[in-house]
Amino acid sequence: MSLGAYLAVATALFVLGLAMMIARRNLLYVLMGIELILNAANLNFVAFARYAAPAGGEAALRGQVFALIVILLAVAEAAVALAIVLHAYSLFDTVRPEEPDLLRE
Amino acid sequence: MADIVFDGGDFARLAAVPLIPLGAFFVQTLVGRFGPRKGDWIPVGALAIAAALGIFEFAKCLTVWNPGFRVEWKEAFDWIPGPAESRASFGILYDNLSATMTAAVGLIAFLIHLFSVGYMHGDRRYASFFAHLCLFSFGMLGLVLSDNFLSFFACWEVMGLCSYLLIGHFSEKPSAAAACKKAFLTTRIGDVCLFLGIAILWTRLHTFRFTELWDAVPRVLAENGGAYPGWLVTAGLLIFAGAVGKSAQFPLHVWLPDAMEGPTPVSAMIHAATMVAAGVFLTARAFLFLSPEARIAVALVGSFTAIFAATIGICQTDIKRVLAYSTVSQLGFMIAGIGVGGIAAGLFHMVTHAAFKACLFLGSGSVIHAVHTQEMPQMGGLRRRMPITYGTMLVSTLAIAGVPLFAGFYSKDAILSSTLVHAMEHGSILHALPAIFLFTAAGMTAFYMFRLILLTFHGEPRDAHKFEHAHESPWVMTVPLTILGFFAVTGGWIFGENWFLELGKGLPGMVVAEGEAAHHEHEAHGIAMWGSIGVAGAGILLAFAFYQWRKFSAAAWAERWGPVHRWVKNKYYVDEFYLATVVRFVMFLTAVQRWFDVWIVDGLVNLVGGIGRAAAAVSGWFDRWVVDGAVNLVGWLTQLWGGVARLFQTGRVQTYVAWGVAGAVGAASVVLWMA
């Protein structure tokens with residue numbers, strides 16, 4: 001399969017994630033949107049790694065290690081973000097992202 | 001004659017004589033009516049203390065018997081501090097005149113207070129009556145002790161105010177309200193003159209103190225070649241005009257008979273101890289400022305008033321009005337006595353008159369209290385019902401009529417002999433007029449006073465109902481009567497004319513009785529004594545003939561002299577004359593002033609106001625539309641911009657993200673497009 005197909009899927013994932021971030025009415029879905037974006041990036045890393053070194057070797061590993069780091073980052077981010085969401089829920093009694101608007105002040 | 005030694009304690013006691021009633025006035029005014037018995041004991045007690053202190057100091061002077069003494073407590077209180085020519089300080093001048101007056105006024109005022117306890121019992125404004133009476137006493141006591149014209153004038157005005165308040169005590173009666181207004185306004189004419197006279201003296205001599213002014217007069221006369229300069233004559237006459245107002249001399253006598261509208265103790269107060277005596281007192285104090293010509297004027301005013309008021313007194317039927325005109329007449333005697341140079345005689349008469357006139361007024365109050373009318377034709381035969389009142393009033397009547405051995409005989413005799421000396425020395429008709437007037441008036445006095453006694457106490461009761469209900473008054477009323485009656489008998493013996501004689505000595509222009517003058521005086525004294533006994537006896541006999549033995553009928557005589565009788569009975573129509581001239585003129589003036597006020601003054605004020613309003617309207621328009629407009633425009637623009645900017649700050653995370661994405665897309669588009 002060509003690189004273009006992978007990039008197309010990654011782009012789709014990115015746009016879907018962005019759309020979820022902007023438009024979903026639930027903070028948890030917003031978080032999932034972030035995960036989708038991260039995964040779109042991961043797909044790009046892996047796809048470009050394979051494209052740069054089709055025979056394998058050290059150069060191919062560099063991109064895949066990046067992907068692993070991003071996964072780790074995503075885990076940490078998810079933990080922190082979920083904590084924030086829980087606090088936001090206890091504070092505002094809602095998980096709808098459009099209702100809290102304290103940032104105005 | 002030994003000197004009288006006065007120390008600080010004596011002066012402190014003297015200062016307390018007026019100040020204690022003043023303090024009592026404040027206490028009585030503020031809290032008196034809440035106290036037991038509505039606080040009447042506060043002024044009565046204060047006057048008792050003041051009278052005791054005054055008599056104590058007087059007794060001290062009497063024991064030494066030095067009529068020429070004069071002690072001063074200079075500058076006891078600085079009212080306006082500063083250099084000598086612009087300061088005003090109050091102090092005490094204590095000489096034989098103020099000593100006698102302090103004691104007499106204190107005692108009589110105390111007795112009148114005591115009498116009022118009985119007479120005013122149950123009155124609606126009982127508490128404030130005593131407060132005002134007390135302030136009145138303060139005014140007179142302060143006046144006689146003043147050592148300068150300024151505090152003298154202040155006390156003088158306090159009395160003016162109190163007379164207004166007390167004459168108008170029954171202010172719900174229109175006649176009383178009118179009477180108090182009349183008294184205040186009439187005496188005010190004199191007060192203004194007095195003030196002007198004081199002002200002239202102060203402008204020329206730069207002092208208010210009596211002693212300094214007296215010392216200055218001979219100096220002024222010497223500088224002017226022995227004659228009175230014009231300003232001093234003017235000042236003397238103006239000051240005498242003050243006395244004319246206060247002592248109810250013709251032509252300002254009209255207020256005194258109307259003052260009968262006040263309660264009887266007030267009448268006694270005004271007629272005996274205070275107010276009218278103040279004018280005589282002032283004339284004596286200011287005698288030095290009167291030029292020889294002015295003295296003749298004083299004598300003529302006084303003697304004319306004496307005969308004028310005596311004729312009116314004969315025709316009155318109201319018991320208090322008879323007494324009122326008798327006071328006016330007796331004041332004329334005093335003023336005339338001072339005017340002809342017999343200062344001692346005038347003052348002597350003032351003191352004896354204070355005693356018997358207070359007694360007569362309180363006695364008439366006692367009668368009115370018993371029969372509830374003031375009309376003598378409704379009385380008669382009361383001597384059987386009210387023996388104490390009758391006895392004391394009879395004694396006082398004998399005194400005022402000038403029957404030998406009673407107080408009034410000595411003092412009136414002294415005045416008459418002074419006028420005779422005056423007439424003999426100058427030997428002109430003008431100088432003889434006072435003597436003629438006063439001898440006639442003395443006879444009339446005896447007549448109308450016995451008319452009063454006979455109509456009230458003798459004969460058969462003319463109103464049986466009133467007679468049945470008449471009874472002797474309680475002790476608070478009879479005790480003062482008795483004490484005053486005692487002085488009406490003995491007043492002439494306690495201190496004769498000699499006591500006051502020192503006052504006249506050493507005055508420039510005063511006659512020193514030597515040689516021919518002494519001969520005149522001796523001769524005059526004999527004539528005056530037998531003459532006054534003669535006219536008094538004639539008056540009394542005539543009164544008996546008319547009203548006791550009924551030899552003549554008063555009604556028939558009144559009929560025969562119809563027009564004259566009406567003229568006199570209506571007080572010579574002086575009041576009506578004033579009403580038609582002075583009052584109408586004043587009313588006309590006020591109407592003119594009102595017109596001026598309404599059309600000119602108000603017009604000017606309204607014009608200025610209108611201009612101001614127009615200017616304010618223009619300024620307001622500019623302010624509202626231009627200044628406010630600019631400010632509002634700035635505010636409106638800021639608001640508008642704020643509203644736009646606010647749209648971007650929603651506070652929602654997702655919006656921000658969307659804007660971020662849009663920005664990123666935009667930036668990327670630009671980059672790509674550029675590439």
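The model is predicted, so local features need pLDDT of at least 70 and side-chain atom pairs count only at pLDDT 80 or more, while totals for chains, interfaces and linings use all residues. Residues are numbered from 1 along each chain as its sequence is written, chains are lettered from A and ligands numbered from 1 in the order in which they are written, and side-chain values use heavy atoms, with hydrogens and water left out.

- T102(B) sits in helix α3 (residues 96–119) of chain B, where helices are DSSP runs of H or I with at least four residues, numbered from the N terminus.
- Because its relative accessibility is 0%, T102(B) counts as buried (under 20% relative accessible area, 1.4 Å probe, protein chains only).
- Leaving aside residues up to four places away in sequence, T102(B) touches V17(B), G54(B), Y94(B), L141(B), V144(B) and L145(B), contact meaning heavy atoms within 4.5 Å.

**Interface of chain A and chain B**

- Between the chains, 15 residues of chain A are in contact with 10 residues of chain B.
- The buried area is about 970 Å², with carbon and sulfur atoms giving 58%; this is accessible area (1.4 Å probe) lost on putting the two parts together, summed over both.
- On the side of chain A, I22(A), L103(A) and R104(A) lose the most area to chain B, together 52% of what that side buries.
- The count of salt bridges between chain A and chain B is zero (a side-chain nitrogen of Lys or Arg within 4 Å of a carboxyl oxygen of Asp or Glu).

Conventions. Helices (H or I, at least four residues) and strands (E, at least two) are DSSP runs, numbered from the N terminus. Buried means under 20% relative accessible area, exposed over 50%, partly exposed in between (1.4 Å probe, protein chains only).
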